[in-house]
Amino acid sequence: MNQRKPSYKKEQTDKIQKKQSDQEKTESMVNPYFTYKDRVFRMLFKDRNRLLELYNALNDTDYKSYEDLEVNILDNALYIKIRNDVSFVIDGDICLYEHQSTYCPNMPLRGLLYLSDLYRKILVNVDLSSSRRITIPTPHYVVLYNGKERKKEKFIQKLSDSYEGSMKGEDKDKGCMELIVQTLNINLGQNEDLLRKSPSLYGYSYFVAAVRRNMESMELLEATESAVKECIEKDILKDFFLEQRSEVVAMSIYEYNEEYIRRTLLEDGYADGRRKGLTEAVDVMMEKFHIGLREACESVGLSEKDYMDEKQNIPLEHIERL
């Protein structure tokens with residue numbers, strides 16, 4: 001197993017994280033809706049011990065302390081439609097891990113924007129005109145995919161595939177830049193060695209599979225609650241599900257409903273559809289867990305004003321099953 005010391009000083013990391021934290025607080029005061037970020041995958045892996053476990057599983061390393069990680073989360077208004085789930089820097093590498101439940105051919109382009117933003121943060125106040133070579137972390141962009149469209153265990157996507165020349169079948173000019181995204185299928189039965197090495201990733205995959213299985217005979221709310229109960233009884237991410245039970249149910253309902261919205265609405269209507277999905281999640285939390293409007297809205301990142309506007313102006317539909 002590889003064991004190397006991180007190459008970035010803690011004080012530099014603290015400055016970057018403080019600046020990012022201040023920025024997120026400002027954005028939250030301006031519009032809580034645009035800083036919503038706690039999906040189930042991010043809820044799970046914002047825990048640094050689980051994140052370190054995932055890194056070790058993907059890279060065959062054996063780091064013991066999460067202090068080896070320098071975590072950066074890209075999640076703000078600018079990237080509301082193109083944001084990554086988890087990213088961090090460790091030992092000279094900059095790693096972006098994103099979960100996808102639907103195949104997307106634009107992951108390399110998304111990665112280009114993510115990495116540009118991360119490098120901009122890392123190189124703040126660095127003189128790029130310096131006569132000495134400036135070193136940067138080596139980028140690694142991995143997509144953890146559990147959709148139904150692609151069956152392969154592993155496949156790659158390249159930025160050059162999106163170049164206009166490539167789209168026309170022209171090979172004479174691939175341009176001056178390339179970015180490669182590695183996609184790993186994390187559905188149960190795929191990449192079993194990876195899931196074995198990361199119990200947290202296995203637990204997430206098991207939960208998703210349980211929800212899908214339950215939805216063959218149950219409504220979405222019942223299917224999700226039953227999957228959570230099953231995981232707790234089988235000691236699969238038990239502590240996580242006990243602590244985050246209500247949030248997991250609400251976010252799962254929102255995620256499934258959002259996926260339905262993605263498939264049925266045009267891009268220019270997606271923002272309205274997204275707000276509708278959050279509104280339904282708020283309704284479920286208030287009814288099922290007996291909490292007030294303010295607490296429910298805060299849990300999903302929706303402002304009370306947006307909730308009331310949605311309820312008054314757009315009739316709610318029943319949550320669709322995928």
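This is a predicted model: local features need pLDDT of at least 70, side-chain atom pairs count only at pLDDT 80 or more; totals for chains, interfaces and linings use all residues.
Local features were taken at pLDDT of at least 70 and side-chain atom pairs at pLDDT 80 or more, while totals for chains, interfaces and linings use all residues. Residues are numbered from 1 along each chain as its sequence is written, and side-chain values use heavy atoms, without hydrogens and water.

Helix 3 covers residues 48-59; helices are DSSP runs of H or I with at least four residues, strands are runs of E with at least two, and both are numbered from the N terminus. Its twelve residues span 16 Å from first to last C-alpha, close to the expected 16 Å, that is, 1.5 Å times one less than the number of residues. Just after the helix, aspartate 60 has a positive phi of about 55 degrees.

Glutamate 98 lies in strand 3 (residues 93-100) and is buried at 2% relative accessible area (buried is under 20%, exposed over 50%, partly exposed in between, with a 1.4 Å probe and protein chains only). Where does a contact of 2.2 Å lead? This polar contact joins the side chains of glutamate 98 and arginine 110. The glutamate 98 side chain also makes a polar contact with that of glutamine 100, at 3.2 Å; such a contact pairs N or O atoms within 3.5 Å, and within protein one must be able to donate a hydrogen and the other to accept it, with residues adjacent in sequence counting only if both atoms are side-chain atoms.

The largest nonpolar core has 50 residues, with Phe88, Tyr97 and Phe241 among those with the most contacts inside it. Helix 7 (residues 199-214) gives the largest share, seven residues. A core here is a set of buried Ala, Val, Leu, Ile, Met, Phe, Trp, Tyr and Cys residues joined through side-chain atoms within 4.5 Å.
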